[in-house]
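Me: I would like to learn how to read the features of a protein model. Please take them one at a time.

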Amino acid sequence: LSIRGHSNSMPNTRRKKKVKKFDPTLIFMKILTIQCLFYIVLGGFVTGLDIFFGVIPTINQLFGYKMMRFATKSGVVSFLSPILCAITGGFIMRQVATQPHKVWDYSVTRLFIHFCACCVNAGFPISLLWWLTHILSVLIETLLGEYLCIQKELNQLENIQGIVYHV
């Protein structure tokens with residue numbers, strides 16, 4: 001036994017964390033990747049749902065707020081698309097954000113850039129439904145993305161240590 005009461009034969013369970021350098025180029029590229037994938041997926045959902053509902057797709061379904069109402073089929077598409085896109089976004093965050101504590105930052109940044117694009121296209125969104133839809137989509141994307149990132153980390157630990165973790 002050592003002086004402090006710990007056995008010298010016990011392995012050191014404390015490991016030093018690797019300090020990652022601040023890399024603004026990497027962060028910018030991740031934001032750009034998330035934003036591009038968001039618009040590809042959102043456009044795909046809008047187009048797919050428009051075909052399903054028999055509606056002609058318009059750019060205002062992506063960047064407008066005036067069409068978002070439940071009274072029309074295109075309004076329902078404008079509501080459902082960001083919600084479905086958020087589910088896909090959770091899986092995108094798993095791959096791009098890679099760490100659970102960064103998912104919220106990337107999701108909110110994605111929403112802010114989308115908000116700016118909507119302001120340029122159609123003006124400041126004054127529709128309560130637009131705000132609720134996009135806030136809900138960020139929450140879904142964040143919660144699913146964080147959960148998937150944690151699962152990924154636990155799987156990596158399981159492979160390294162041979163311990164099974166359940167979440």
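Me: What should I know before starting?
Reply: This is a predicted model, in which local features need pLDDT of at least 70, side-chain atom pairs count only at pLDDT 80 or more, and totals for chains, interfaces and linings use all residues. Residues are numbered from 1 along each chain as its sequence is written, and side-chain values use heavy atoms, with hydrogens and water left out.

Me: How many salt bridges does a search of the whole structure find?
Reply: A salt bridge is a side-chain nitrogen of Lys or Arg within 4 Å of a carboxyl oxygen of Asp or Glu. The search of the whole structure gives one. Its partners are glutamate 141 and arginine 110, with the closest N and O atoms 3.3 Å apart.

Me: Are glutamate 141 and arginine 110 buried or exposed?
Reply: Buried means under 20% relative accessible area, exposed means over 50%, and partly exposed is in between, with a 1.4 Å probe and protein chains only. Both residues are buried.

Me: Which residues touch the most other members of the largest nonpolar core?
Reply: In soluble globular proteins, nonpolar side chains tend to be buried together. A nonpolar core is a set of buried Ala, Val, Leu, Ile, Met, Phe, Trp, Tyr and Cys residues joined through side-chain atoms within 4.5 Å. The largest one has 25 residues, and Leu42, Met93 and Trp130 touch the most other members. Two or more residues come from each of α1 (24–53), α2 (60–63), α3 (73–96), α4 and α5. The most come from α3, which gives seven.

Me: Where is tryptophan 130, and what is it in contact with?
Reply: Tryptophan 130 is in helix α5, and it counts as buried because its relative accessibility is 1%. Contact means heavy atoms within 4.5 Å. Beyond neighbours within four places in sequence, the contacts of tryptophan 130 include Tyr65, Met68 and His114. Methionine 68 is 62 residues away along the chain, yet the two C-alpha atoms are separated by 6.5 Å.

Me: Where does glutamine 99 lie?
Reply: Glutamine 99 is in the loop between α3 and α4. Its relative accessibility is 17%, so it counts as buried. Not counting residues up to four places away in sequence, glutamine 99 touches Lys20, Cys149 and Glu153.

Me: How many aromatic pairs are there?
Reply: Rings of Phe, Tyr and Trp (its six-membered ring) pair if their centres lie within 6.5 Å; planes under 30 degrees apart are stacked, over 60 edge-to-face and the rest tilted. The count is ten pairs. For phenylalanine 112 and phenylalanine 115, the centres are 6.4 Å apart and the planes are at 35°, so this pair is tilted. Both lie in helix α4, three residues apart, about one turn of the helix. Phenylalanine 112 is exposed at 52% relative accessible area, whereas phenylalanine 115 is buried at 16%.

Key:
Helices (H or I, at least four residues) and strands (E, at least two) are DSSP runs, numbered from the N terminus.
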